[in-house]
Amino acid sequence: MPSSPVATAPAPMPVVTQAAPSAPIVLKEPGSAPLLDAVYPIPDAQHPDIPALEILDSILSAGRNSRFYPALIESGLATNAHAYVASLMDGGWYNISVTAAVGELSEIDQVVEATLEQLRSQPITTEELERAKTQVKAGFILSNREIENQASQLAYNQVVTNDHCFSDRYLSGIEAVTPADVQRVAQTYLTPIQRTVGLFEPTQLEEQPMTAGIPATQTAENFTPSEPVDPAQVAKYLPDLATSAGSDTQSLPERWVLDNGLTVLLLEDHSTPTVTLSGHIRAGNEWDYLTLGGVATMTADNLMSGTTSKDDLAIAKVLEDRGASLDFLSLREGVDVSGYALSPDLLVVLETLGDVLQNATFPQQQLELSRQRMLTHLQLELDDPGALARRTFQQKIYTQDHPFHGFPTANSLKNISREGILRFYEQHYHPDNMILTLVGDFEVAELRSQLNHTLGQWQQSQDSTQLDFPEPQLPQTIQRVNAPLPGKTQVVTYMGYPGIERHHSLYYAAMLLNQIIGGDTLSSRLGTEIRDRQGLTYGIYSYFAAGLHAGPFAVQMQTSPEDTQTAISSTLALLKQVKAEGITQSELETAQRSILNSYPVDLSDPDILAQRFLMNEVLGLPIEDIRHLPQRIGAVTMAEINQAIEAFIHPDRVVIVSAGPVDAVRS
């Protein structure tokens, strides 16, 4: 065993001692949920106490078996509690953040301090220590699976510690931590007298109106965009197109359909001792249209809350003891399933996946905690300019009879019943509604046997219903909507209209056109003109959300209140310029080279690779499509770009939604 960097109980970092704890810093202004932040100074990254602080952090905040979870989350006091160690060159900090639910901040502060006092006064258990070590080490390995993260880790090591091999010392330090070390660092650094506490006490907790917002008059300004930036300035840093386009050798997964209809894609990759799991279940938010807003999300959030054989803590423990994870997130067109594990622990993840998909029980107590978390999240969303603008924008471009129109409201969340959750689970969670991708360190033959064991007996309960998706229509004129949020310092604006679905014949042309218009906030036309030349935005970009059904084309920007109207007018003028004059051949070639240059780097990330295989299958694309994208991007002609401009750029038929300070959006 390597020598322990903490065994000799090193001298702690010198700390400025106060006579008494400092008074909290209190911020009172319009907002949503009360928040608590506590910060404690800690030593620099190379100090031998850092590994013990990392272990302490895992024990406090990592997962349902952490100490904060029962004290703050399960008790109903808070909807979120997390913490982290910031290890820097010249000292850092330990941060604890809590979002209140029904509890007063003073009560939450007392619970946080009581939890820390337990660590200071009593040694941790051997079980806690071993779980934390496994979580920290596994998390480190899993976070460094792809080449960019490995490069970033090496750079951090060299810059912060002057030793590119510092990670080896760090992991040895983690392995050597003892219960006494954890208690000592808690006594040394996490004391009331060391901390600085910040409290956010909102003065306005009412839910924002759920209407489309306040109509605004359209301001017209005489604005003429400058000539586009010469793409040659960007292109000279990019490889030649022919060099970028070679992805013919990308390994392809083995596609397999179980007898029960579940589709599986398996790709062996023995470069790291890890496995990435990525899945899709056709049970996303679009199905709320037939029930209540939030049903799909609450169902997905509570799959891990208990099964016929395990409660939520037992489910979490079997994963957390191995540093593995399994999560479900309900999105617009499906539930995203993500899982990670060191390769020896893959079977545990698959067994847990099979159990929750087939045997979830949705205990009432856990549903109530989930409901409270969602209500608090809704408050935060309605108080956030970006989230409110996106929500309002989507509800304006899709009619009420479209599945993409709806969002959860406080009323819909309060009316979701356990019976409704069970009914949704039985209707949508069955094997032929799921696609599962696994990439990593396994043998396909062995894994197929494990999948048959864990998921092969999963049976379909009933036939799926079908959703009707009306064809979304472009607005007839420019429509302007304001969503006032008092007390904010910036305005977030979304502008656009219904876009395209993935199978559109001009999809690749649209992808390149977007890259030129706003796909990159630094080198695109919008970025160089609106952000750099005019200095009107903090960031601006555009996108086509092309899925199974037509998602929006949108331009999103953040502005100061006084610049909002000018930025909107400038953006409309730039879109008119593109519509009238088109783009240049040089811009097209630069966009092609930019996309194709990043493509191989993207595929080196196992998360992105697994997700691409998965979504191609979801979209009904051939398994070889991942190899063909470079050729298809490279083959797009100027004639196709012009067709895309004519079909997809409509500067006179735009929905514009601004959320932020009232004075700004009403100017």
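**A tour of the predicted model**

The protein chain has a mean pLDDT of 89, and 89% of its residues reach 70 or more; pLDDT is the predictor's confidence in each residue, from 0 to 100. This is a predicted model, in which local features need pLDDT of at least 70, side-chain atom pairs count only at pLDDT 80 or more, and totals for chains, interfaces and linings use all residues. Residues are numbered from 1 along each chain as its sequence is written, and side-chain values use heavy atoms, with hydrogens and water left out.

**Stop 1: confidence**

Colour the chain by pLDDT. Select helix 10 (residues 295-301), where confidence is highest at a mean of 98, then helix 9 (residues 241-244), where confidence is lowest at 49. Helices (H or I, at least four residues) and strands (E, at least two) are DSSP runs, numbered from the N terminus.

Next select residues 1-9, where pLDDT stays under 50. The model has 13 contacts beyond four places in sequence for residues 1-9, a contact being heavy atoms within 4.5 Å. Where pLDDT is low, the predicted coordinates should not be read in detail.

**Stop 2: Gln394**

Select Gln394, in helix 14 (residues 385-397). Gln394 is buried, with a relative accessible area of 10%. Buried means under 20% relative accessible area, exposed over 50%, and partly exposed in between (1.4 Å probe, protein chains only). Show Arg332, Phe404 and Phe407 as well: Gln394 touches these residues, not counting those up to four places away in sequence.

**Stop 3: strands 15 and 16**

Select residues 539-546, which form strand 15; six of these eight residues are buried, so the strand is largely enclosed by the rest of the structure. Two strands pair if DSSP finds at least two bridges between them. A hairpin of three residues links strand 15 to strand 16, and Ala546 stands opposite Ala550 in strand 16.

**Stop 4: the second largest pocket**

The second largest pocket holds about 1,200 Å³ of space. Of the 35 residues that line this pocket, the closest to its centre are Tyr507, Phe544, Ala545, Ala546 and Met615. On a 1 Å grid over the protein atoms alone, a pocket is an open set of points with protein on both sides within 12 Å along at least five of seven lines, where a 1.4 Å probe fits; lining residues have an atom within 4 Å of a point. Finish with helix 18, which gives the most to the lining, with six residues.

Terms used:
Grid points are joined across faces, edges and corners, and a volume is the space filled by probe spheres set on the points.
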